[in-house]
Amino acid sequence: MIAINRIPGDDVAMALNYRTAAADPHVVASDFWTDREQCSRRAVTPTFSPSS
């Protein structure tokens, strides 16, 4: 986890997914809003490194 919500109950979290590339993981975030029945992970950006 690299970020979580400041206000309890907002249900927001961001994490680095190292399964795609150990040297440059992609950033994912929780998504409770698309389907209220389940929490999904959504890609925020395909790499953690800055763009060239």
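In which strand is the place of His26? Bear in mind throughout that this is a predicted model, and begin by selecting residues 26–31, which make up strand 3, where His26 is found. His26 has a relative accessibility of 14%, and because buried means under 20%, His26 counts as buried.

Next, display the surroundings of His26, leaving out residues up to four places away in sequence: His26 touches Ala15, Leu16, Asn17 and Thr20, and also Ala43, Thr45, Pro46 and Thr47. Within that group, select Thr20 and show side chains, where you will find a polar contact of 3.1 Å joining the side chains of His26 and Thr20. Then pick the C-alpha atoms of His26 and Ala43, which are separated by 7.2 Å although these residues lie 17 residues apart along the chain.

Ser30 counts as buried, at 14% relative accessibility. If neighbours within four places in sequence are set aside, Ser30 is in contact with Asp11, Val12 and Ala13, as well as with Cys39 and Ser40.

Which strand holds Ser40? Select residues 40–45 and you have strand 4, in which Ser40 lies. Ser40 is buried too, with a relative accessible area of 15%. Looking back from Ser40, and again not counting residues up to four places away in sequence, you will see that Ser40 touches Ala29, Ser30 and Asp31.

Conventions. Residues are numbered from 1 along each chain as its sequence is written. This is a predicted model: local features need pLDDT of at least 70, side-chain atom pairs count only at pLDDT 80 or more; totals for chains, interfaces and linings use all residues. Side-chain values use heavy atoms; hydrogens and water are left out. Helices (H or I, at least four residues) and strands (E, at least two) are DSSP runs, numbered from the N terminus. Buried means under 20% relative accessible area, exposed over 50%, partly exposed in between (1.4 Å probe, protein chains only). Contact means heavy atoms within 4.5 Å. A polar contact is a pair of N or O atoms within 3.5 Å; within protein, one must be able to donate a hydrogen and the other to accept it, and residues adjacent in sequence count only if both atoms are side-chain atoms.
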